[in-house]
Amino acid sequence: MLLSIRDLKVDFNVDGQVVRVLHGIDLDIEKGETLGLVGESGCGKSVTCMAAMRLLGERAKITGRVNFNGCNILKLSDRKMENIRGKDLAMIFQDPVVSLNPVMKIGTQINEVLKLHGNYTKEESKKIAVSLLKKVGIASAECRLNDYPHQLSGGLCQRVMIAMALAGKPKILIADEPTTALDVTVQAQILELLRELNNDLDMATILVTHDLGVIAENVSRVMVMYAGVVVEEASVEDLFSNPSHPYTVGLLESLPDMENEGKDLIPIEGVVPAPDKRPSGCCFQPRCKRRTDECIKAQPGLKVVGNKHRVACFNPVGSIDQGGGNGRK
Amino acid sequence: MEENNMENTVVSVRKLVKYFPVKAEKLFGSRKTLKAVDNISFDIYRGEIVGIVGESGCGKSTTAKLVLNMIPPTAGSVLFNNKDITKLNPSKWRAMRLNMQMIFQDPLGALDPYVSIGKQIQEPLDIHNIGNLKERKNKVLNALDAVSMQKHMYDRYPHEISGGQRQRAVLARALIVEPELLVCDEPISALDVSIQAQVVNLFKRIQKELGITFMFISHDLRIVKHLCNRVVVMYLGKIVEEADSAELYSNTLHPYTKALISSIPLPKPVREKERIILEGDPPSPVDLPSGCRFSSRCPDAMERCFNEEPELIETGDNHRVACFLVNKGNHENAL
């Protein structure tokens, strides 16, 4: 196992009040694998990634284990963590234009990363920078080195970000909503690039997104998150052909179907609860159509329902003992 | 489109042009113009939902602002109920304005943080001096009800309610003056998927119950297919294709529309059709390619496409397309 996260909990200190935003996440990813994290805003996708990268700063209290290459990186000194972050674990973010420094040339910014990862001469690092830009599909890479971020489009900036992330030859690339700020045709380009890189460079990819469409075509395994917990985990085929958690089913039903028009969308009523206003029992219970008394009393843990398919629900959809549509016993 | 009688047409846009001057890059460089909207014509019929789609920079939002007369056009006209609103005097325009309302992407930015939701929904009535205070309050409560918000939301402030509720409040404020036309610019892009579905269903219900005409601007082709009766596809300030929603998605003609539809990530792990991935980004509307504007990215571009600009031509079934691949013949019967 390349990265294995166990019982990851994150508490934020908000005005002296401790608010728990992650409630014990388990996550495993193997070499070369692509894992998708999906959920709505505020469900803890980004916090999971940031906690694993130790990017949350001092306001956050992180407990649990994040084992990378057999050592718990939460326990590492800041110095040692800096050697891993950016090198073995790289991350790209939603808004590439904001992630780049507006007053520095692209080439200088890539050089900065290269300086951290090795001792290269000026010529060497320029060569590497050009080859990185070519790898992410930027034409006339030599000229681009002298451009400033504002001279590039959003899609190109995201490619530059990916090039910088690849500079340390990472073992895991975490992409946090990498295409949300881009147009659909450009989104298709970037997603294809990430797929190719994952195959060519044999690195594992964690793709964080709210878009089930993006998930479906780009990862092999999916974890669905809701309000700081993982509610379902399955292979991508299983998740879409056989969704078990009412929340996953709800997400799928709220998407318009490209083939069956005219059908009304089935929204999930209500909203994601705020971290400091979590309901008792299952966190999805107030919005769930299959709620029973049990759901209000206790929080369900992840249970195996199929081949590598786990779900945290007392009345999963498609289970044998289901009591009709709303499962009220 | 001419066969539809004029009573059925709420908005008709004719040869509309909007150029913006752009600062020269160098001190003594020549000034350039950004051609945001370049000679477009289309109609919006009563009671329908028209979707305007395209990528960022294609002129969707500028078109919306022009239709609402928020910015003056460089040339061309916008007829609202057969009156050219670009030439109305201010007092007449103010009365006319009541019939056209708008909502935008970010509801938090559209609401005043210091004023309660109820008061904000009431504001259009205050401005246009409609009804007495009691009637106004009643109208607000009805409007809240129409957008499925509870009465106690009246006293809430924008920060106290969720994103979906805020967008409902903005919608209620637009509906309270009973407009004929509602222009929505990316109204659901800032919302989560499950909330998007709630708001989309609300739009559908309002269109059915109140018979309001919608101009719905979006980059999400899934939502547009689900919601709109008719779709206008724009690329770099031009309309490239226009058709009824079902026709557009089943009989896509323009290569750009094909690529757009093919780029939609579908919630299905196995893809049946090979995806068309366009190269590069849309060119800047300041430095437009010669010939067809899509020629620089078009997978099927021919020599002619780089030299001549195709006209938007009716191909039948209310379907118009601007592409030489489709309209091989003469371009004399251009609209």
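**Close-up views of a predicted model**

**View 1. The hairpin of β1(A) and β2(A).** Two residues separate β1(A) from β2(A) in this hairpin, and A:Asp15 in the turn has a positive phi of about 45 degrees. Strands here are DSSP runs (E, at least two residues), as helices are (H or I, at least four), numbered from the N terminus. β1 (residues 3-14) and β2 (residues 17-29) of chain A pair in the antiparallel sense over 10 bridges; pairing requires that DSSP finds at least two bridges between two strands. A:Leu8 has A:Ile25 in β2(A) as its bridge partner.

This is a predicted model, in which local features need pLDDT of at least 70 and side-chain atom pairs count only at pLDDT 80 or more, while totals for chains, interfaces and linings use all residues. Residues are numbered from 1 along each chain as its sequence is written, with chains lettered from A and ligands numbered from 1 in the order in which they are written.

**View 2. The loop residue A:Ala227.** A:Ala227 is found between β9 (221-226) and β10 (229-235) of chain A. Its phi is near 45 degrees, a positive value in a residue other than glycine. A:Ala227 counts as buried because it has 23 C-beta neighbours inside 10 Å; the cut-offs within 10 Å are 20 or more other C-beta atoms for buried, 12 or fewer for exposed, and in between for partly exposed, with C-beta atoms placed from the backbone.

**View 3. The loop residue B:Asn81.** B:Asn81 lies between β4 (75-80) and β5 (83-84) of chain B. B:Asn81 is not a glycine, yet has a positive phi of about 50 degrees. With 17 C-beta neighbours inside 10 Å, B:Asn81 counts as partly exposed.
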